[in-house]
Amino acid sequence: MRSFSILLSLLFLIAVSAACNSQGQVATTMSEETATVENNPVAFKYDPPAEAGKVTTVDESDDYWRENLSSQAYNVLREDGTERSFTSPLNDEKRAGIFTCAACGLPLFSSDTKFESGTGWPSFYEPIDAAYVTQDEDVRYGMRRVEVSCARCGGHQGHVFPDGPKPTGLRYCINGVAMNFAPATDLGIELEEK
Ligand SMILES: [Zn+2]
């Protein structure tokens, strides 16, 4: 009987370690994808305007973006694509810091205004500066939505909906692959930890 229960324990341990391994593989795949995105030469830039609130637009060629963005980032930023929900590591990013446009480095959102929307996409109740995003009516796919783009490079970020929390009542639903995250400590700025 004793050896039977030891055998059961062993089987259980093997099952648990197999489950851990498969999760480990998922994690590895995700970090590889993240690495691809983060290795973009354009990405990882933190490039606020020389004068706060004043954005100078840039107009790069399609070839430039194809060369400098990962295929996922290109699809979202330049072709108005949408990433699969719950796939971006930025959805669970809880540290204090700044979310920048993955294409041009413009700071778009702060951790101060990030909230858990349950949608699987990083969500904010307002941008860092209204001048840093453009908002346009989007009537594609039989829906009437408001598209949010980077005001500097025109990169598609996501949409804004009127069902967010206080104080604005807005929900900026943003594709994680369209942004990069810079921790406040790396930038030498102080933001409240959430
Ligand atoms: Zn941009």
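**Exercise 1.** Which residues does cysteine 101 touch, not counting residues up to four places away in sequence?

*Solution.* Before we start: this is a predicted model, where local features need pLDDT of at least 70 and side-chain atom pairs count only at pLDDT 80 or more, while totals for chains, interfaces and linings use all residues. Residues are numbered from 1 along each chain as its sequence is written, and side-chain values use heavy atoms, with hydrogens and water left out.

Step 1. Look for contacts, meaning heavy atoms within 4.5 Å.

Step 2. Cysteine 101 touches Leu77, Leu106, Leu108, Cys150, Cys153, Gln157, Ala178 and Met179, leaving out residues up to four places away in sequence.

**Exercise 2.** Find the protein donors of the zinc ion and the geometry of its site.

*Solution.* Step 1. Donors are N, O and S atoms within 2.8 Å of the metal (3.2 Å for Na, K and Ca); water is not among the atoms, so sites may look incomplete.

Step 2. The SG atoms of Cys101, Cys104, Cys150 and Cys153 are the protein donors, 2.3 to 2.4 Å from the zinc ion.

Step 3. Their spacing in sequence reads C-x2-C-x45-C-x2-C.

Step 4. Four donors count as tetrahedral if all angles lie between 85 and 135 degrees. Here the angles among the four donor atoms are 99 to 118°, and the site is tetrahedral.

**Exercise 3.** Decide whether cysteine 101 and cysteine 150 are buried or exposed.

*Solution.* Step 1. Buried means under 20% relative accessible area, exposed over 50%, partly exposed in between (1.4 Å probe, protein chains only).

Step 2. Cysteine 101 has a relative accessible area of 1%, so cysteine 101 is buried. Cysteine 150, with 1%, is buried too.

Methods
Four donors count as tetrahedral if all angles lie between 85 and 135 degrees; four count as square planar and six as octahedral if opposite donors are over 155 degrees apart and all others between 65 and 115; anything else is irregular.
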